[in-house]
Amino acid sequence: MYIIIVGGGRVGYYLARALLEEGHEVLIIEKNASFCDIINEEMGSVCIRGDGCEAATLADVGAGRADMLVAVTGDDEDNLVACQVAKYKFNVPRTIARIRNPQNEAIFKKLGVDVPVSATNIILEAIEKEVPTHPLTHLLTLTERGLELVEVRIPPTSSSIGKPLKEIPLPAGSRLALIIPKNRRPRIPTPSSILREGDQVIALTTPEAEESLRTALTGT
Amino acid sequence: MKVVIMGCGRVGAQLAGLLDADGHEVTILDVDAYSFRRLPSDFKGTALLGNGIDEAVLRRAGIEEADVFVALTQGDNRNVMAAQIAKHIFNVPRVICRIYDPLRQELYDTLGIEAFSPTTIFAHLVKEKIEG
């Protein structure tokens, strides 16, 4: 694939290294001349000096045949504009933007960026997965269908323990998909299945019903 | 009219003063409180410290009820991002944006932003003066 990276800072630098190793054709656009020199010295001529938000620069590097543009400068607004120029002027099929402000994730998607990546959100997700006190973890979001796959761990204080599932008031739009008990094989839930402390429950839900689902499964 | 202006530089401050004097309800944003010194002493509008490309700040500035949003910071990309948030997220009826780089004009037209370039305007103005 031909991948254009806008921004030759640390993120762009390591990204380029990894992509080159995987055998992709990579080109970095960087404003700062000394950054360009370092990259070109270390990786061969893969960096040009310029403004990746400018249509003229993108035309020079053949953005029309690029498979992907990744904008990883330190400024959200620059990353947005680079992706928009690539998408609307050069029809680059896939655009990825780094964002500093996690709130911009939804905005960028609405404004045409295919994949906004927020380090803050990624770290938050990792914390949710690592920290056992966090009772509900997002596994997968199907944005277009308004659905999400979540994991809930049943805490020792939960009032749902020992009850058959049919007696647990699950919110509309939520469905339990799998129960993974500690040290035993996973099972498909039935109305008579009983939850125990420490069980992992995989459930399908909607963003609106998420909170009620959490309460139903973990509430005291 | 309710007007939100982003960027309290010379142009932003002067525009805020003029609109305020005409009786419009003006809120002006800047990331640097020192910039507000440029506002006229009898300015009756609101000066708000914050970054106009932050959705939360725009909400605080009352963007949801604004009739007009004007982006006048030094950064073209910042202006165009704020203008798009105002237009496509908050549906502000009229959005005006300054861009220094006239090469980008065409793109902003595609994105549905009313952008004008002082660079082009001023160059033509000087040319007319010279040629009479």
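Predicted model: local features only at pLDDT ≥ 70, side-chain atom pairs only at ≥ 80, totals over all residues.
Figure 1. Chain A has 220 residues, and 30% of them count as buried.

**Figure 2. The overall form of chain A.** The chain holds 7 helices and 10 strands. Its radius of gyration is 23 Å, while the globule rule gives 17 Å for 220 residues, so chain A is more spread out than a compact globule. Along the principal axes, the C-alpha trace spans about 65 × 30 × 25 Å.

**Figure 3. Where chain B touches chain A.** Chain B brings 17 residues to the contact, and chain A brings 18 residues. On the side of chain B, helix H2 (55–60), helix H3 (76–89) and helix H4 (105–110) each give two or more residues. H3(B) supplies the largest share, with 8 residues. By type, this side of chain B has 9 nonpolar, 5 polar and 3 charged residues.

**Figure 4. The open sheet of chain B.** Its 6 strands follow the order S3-S2-S1-S4-S5-S6, and their pairing is parallel. Strand S3 (46–49) and strand S6 (114–116) are the edge strands, each pairing on one side only. From one strand to the next, the twist averages 20°.

**Figure 5. Two strands and a helix in chain B.** Strand S1 (residues 2–6) and strand S2 (residues 25–30) of chain B run parallel, joined by 5 bridges. Lys2(B) has Glu25(B) in S2(B) as its bridge partner. H3(B) lies across S1, strand S4 (68–71) and strand S5 (94–98) of chain B. The helix H3(B) runs at about 175° to S5(B).

Note on methods:
Residues numbered from 1 in each chain as written. Chains lettered and ligands numbered in written order. Helix = DSSP H or I, 4+ residues; strand = E, 2+ residues; numbered from the N terminus. Rg over C-alpha atoms; globule rule 2.2 N^0.38 Å. Buried ≥ 20, exposed ≤ 12 C-beta atoms within 10 Å, placed from the backbone. Contact = placed C-beta atoms within 7 Å. Nonpolar A, V, L, I, M, F, W, Y, C, P; charged D, E, K, R; others polar. Pairing = 2+ DSSP bridges. Axes fitted to C-alpha atoms, helices over the stretch in contact; angles between N-to-C directions.
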